[in-house]
Amino acid sequence: MVIVEGRTNISESVFIEIAREAMHKVEDVFREERKGALSGLTRIFTERFAPQITVRKSEPAEGEEGVGGVSFEVKLSVAYGVRIPEVAQKVREKIITEVETLTGYKVEKVDIVIDRIVKPEEIQEEKKEKANL
């Protein structure tokens, strides 16, 4: 077997997609765990106020062994009534697990900025708008 040398470079957009998918998994967990507590609120993150994800990555220096590193800043809008520290920690953990498992990159940090609380009536409006499409 011949081993061919070369580098694999993963684009920032791939890291963003992985982070989005990880967040959907967190949302599904909350939906299952909180059926009573969030009655009527089917989403902790809303599509109208989609998360903004920024990625900074670093590659090992030329000739250096090891993996690259990646840092995230995730700006979220969450539904009123969720426990923000709990949501932030679950999002952080899921992003780290997914990114490290799928890419081999080391996640250096995941900063989470909650930039908006979405009230239940806004979520109901969003559902009505979707139903009318």
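Student: Why is E59 called partly exposed?

Tutor: E59 has a relative accessibility of 31%, and because buried means under 20%, exposed over 50% and partly exposed in between (1.4 Å probe, protein chains only), E59 counts as partly exposed. Please keep in mind that this is a predicted model, in which local features need pLDDT of at least 70 and side-chain atom pairs count only at pLDDT 80 or more, whereas totals for chains, interfaces and linings use all residues. Residues are numbered from 1 along each chain as its sequence is written, and side-chain values use heavy atoms, with hydrogens and water left out.

Student: What makes the contact of K57 with E59 a salt bridge?

Tutor: The side chains of K57 and E59 come to 3.1 Å, N to O, and the term asks for a side-chain nitrogen of Lys or Arg within 4 Å of a carboxyl oxygen of Asp or Glu, so the pair qualifies. K57, at 22% relative accessibility, is also partly exposed.

Student: How many salt bridges does a search of the whole structure find?

Tutor: That search finds seven. Among them, R83 and E86 have their closest N and O atoms 3.6 Å apart, with R83 exposed at 58% relative accessible area and E86 partly exposed at 23%. In another, the closest N and O atoms of E100 and K106 are 3.5 Å apart; E100 is partly exposed at 27%, as is K106 at 49%. K25, K94 and E98, finally, are linked in a network of salt bridges.

Student: What makes Y80, I84 and I117 a patch?

Tutor: The term takes residues with over 30% relative accessible area and no salt bridge, joining nonpolar side chains (Val, Leu, Ile, Met, Phe, Trp, Tyr) within 5 Å and like charges within 9 Å. I117 has a relative accessibility of 33% and counts as partly exposed, so its value passes the area cut-off. Together with Y80 and I84 it forms a nonpolar patch with about 270 Å² of accessible area, where areas come from the Shrake-Rupley method with a 1.4 Å probe and, for residues, only the protein chains shown count as cover.

Student: Where is I117 found?

Tutor: I117 is found in strand β3, residues 106-118; strands (E, at least two residues) and helices (H or I, at least four) are DSSP runs, numbered from the N terminus.

Student: How do you know that β2 and β3 pair?

Tutor: Pairing requires that DSSP finds at least two bridges between two strands, and 11 bridges join β2 (residues 69-79) to β3, so the two strands count as paired. They run parallel, and S71 stands opposite K109 in β3.

Student: What is the order of the strands in the open sheet?

Tutor: The three strands have the order β1-β2-β3, with mixed pairing. The edge strands are β1 (52-58) and β3, each of which pairs on one side only.

Student: Which helix packs on the sheet?

Tutor: Helix α2 (residues 84-103) packs there, touching β2 and β3, where contact means heavy atoms within 4.5 Å. The direction of α2 makes about 145 degrees with that of β3, on a scale from 0 to 180 degrees between N-to-C directions, with axes fitted to C-alpha atoms, for helices over the stretch in contact.
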